[in-house]
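Hi,

Here is the model I promised to pass on.

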Amino acid sequence: MSETTPAPTRSGRPRIEARAEASILHADLDSFYASVEQRDDPRLRGRPVIVGGGVVLAASYEAKALGVRTPMNGGAALRLCPHAIVVQPRMSAYAEASKAVFEVFRNTTPIVEGISIDEAFLDVSGLRRIAGEPIDIAHRLRAEVLEQVGLPISVGIARTKFLAKVASAVSKPDGLRLVPPDGELDFLHPLPVERLWGVGEVTARTLHDHGITRVGHLAELGEPVLRSILGPGAARHLFALSWARDPRRVETGRRRRSIGAQRALGRHLRPPDEIEAYLHGLTDRLGRRLRAADRVCRTVVLRMRFDDFTRATRSHTLPEATDHTETILRTARTLLATATPMIQERGLTLIGLALTNLEDADAVQLTLPFDPHATNTLDSTLDNLRQRFGSTAVTRAALINRGEGISVPLLPD
Ligand SMILES: [Mg+2]
């Protein structure tokens with residue numbers, strides 16, 4: 001029996017590592033927002049429920065059974081599921097439920113690595129004497145979440161985070177799945193390739209076109225063949241996963257927790273669209289640095305200096321970490337919009353943007369719809385062009401003739 005102590009990390013969160021025994025739990029609430037709605041309104045129970053109007057934020061299992069997925073356009077969802085009940089999201093109710101669930105997590109084990117509002121990894125190694133086998137702990141955890149918070153939660157148990165995560169997903173809804181160390185390949189190989197972290201729609205289609213539908217096919221094919229189909233990075237990554245090797249590196253040393261860029265504007269009045277164009281430029285630059293460093297951020301900070309040398313910041317923390325330029329830009333523009341009255345009154349002389357709450361991309365990507373070919377196509381295409389032809393090769397239309405700005409010393413973070 002080996003018991004491991006989690007390595008301390010930059011973020012202060014424990015980083016749970018692979019070990020010899022299956023003692024990592026991945027606990028994940030089922031259709032979280034929709035379950036909270038069904039819990040709070042008995043009329044919604046047993047019925048297809050969609051949370052969110054324009055875009056589906058969550059769907060109950062009754063709606064998922066008819067093909068509703070997140071994120072999906074609301075109109076498309078209703079065509080699939082015309083009798084769905086659409087409810088507006090109640091974020092404060094979800095935040096409260098999340099807090100209560102995490103309290104159950106922390107009462108289960110001191111080592112909890114939160115991944116998002118509704119899921120976490122729990123390390124239960126070393127609890128055998130006081131709390132029993134991991135499987136007993138998982139049974140109890142599910143019962144307590146149901147009893148104390150009223151929500152169904154699925155739990156996967158394995159030796160690595162990757163397998164624990166796949167196990168909880170396979171067990172849904174309201175399930176429990178243990179993957180014993182000597183049964184990992186038996187568990188993994190019959191699964192569809194889509195279960196592998198990193199296989200999104202586009203990669204799945206490419207693999208299907210080559211007759212590869214199961215993880216076992218991919219494993220038997222070997223890395224060189226995969227490389228010719230998917231390229232070296234994805235081949236190495238997916239081949240390792242297909243043999244149950246979790247590729248995430250062990251955390252070593254401290255890395256920086258924020259990155260920033262700013263631009264001095266001089267003292268003459270700038271029209272709002274010009275200020276926004278500078279914000280685009282800063283966002284592009286930081287997004288590139290973020291992705292080049294394999295990091296993701298959760299908090300976007302807008303920094304401003306005014307004509308009278310006073311300063312102000314506005315910040316927003318995203319529900320999930322991202323390295324996606326459009327997401328960062330949308331957040332930055334919202335922050336800028338809220339500061340517009342202040343800017344008009346006091347005159348802006350410097351605009352800066354900082355991305356904070358940085359994490360290693362590979363530590364959190366399990367929760368993202370990660371598909372290097374699909375979701376981030378634009379970002380990675382632009383990054384490649386800039387890498388090959390220099391940073392001015394591609395620029396946003398709004399920045400033509402303005403340049404991306406001069407670098408000035410950063411305001412202290
Ligand atoms: Mg969930």
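Let's start with two helices: the axes of α4 (residues 91–108) and α6 come within 10 Å and cross at roughly 150°. Helices here are DSSP runs of H or I with at least four residues, strands are runs of E with at least two, and both are numbered from the N terminus. Axes are lines fitted to C-alpha atoms, for helices over the stretch in contact, and angles run from 0 to 180 degrees between N-to-C directions.

On the α4 side, the contact is made by Ala97, Ala100, Val101, Val104 and Thr108, and on the α6 side by Ile137, Leu141, Glu144, Val145, Gln148 and Val149. Contact means that the C-beta atoms, placed from the backbone, lie within 7 Å. These residues divide into eight nonpolar, two polar and one charged (Ala, Val, Leu, Ile, Met, Phe, Trp, Tyr, Cys and Pro count as nonpolar, Asp, Glu, Lys and Arg as charged, and the others, Gly among them, as polar).

Some housekeeping: this is a predicted model, where local features need pLDDT of at least 70, side-chain atom pairs count only at pLDDT 80 or more, and totals for chains, interfaces and linings use all residues. Residues are numbered from 1 along each chain as its sequence is written.

Next, the sheet. Five strands form an open sheet in the order β5-β6-β1-β7-β8, with mixed pairing (two strands pair if DSSP finds at least two bridges between them). At the edges, β5 (112–116) and β8 (176–178) each pair on one side only. From one strand to the next, the twist averages 15°. Helix α6 (residues 134–149) turns up again here, packing on the sheet and touching β1 (24–29), β7 and β8, with its direction at about 165° to that of β7. Strand β7 (residues 153–158) pairs with β8 in the parallel sense over three bridges, and Gly156 has Arg177 in β8 as its bridge partner.

Further along, β12 (residues 348–356) runs antiparallel to β9 (residues 258–264), joined by seven bridges. Eight bridges join β12 to β10 (residues 295–306), also antiparallel.

Finally, Ser60 sits in the loop between β3 (58–59) and α2 (61–64). Why does Ser60 count as buried? Because Ser60 has 27 C-beta neighbours inside 10 Å, and the cut-off for buried is 20 or more (exposed is 12 or fewer, partly exposed in between, with C-beta atoms placed from the backbone).

Cheers

Definitions and conventions:
Two residues are in contact if their C-beta atoms, placed from the backbone, lie within 7 Å.
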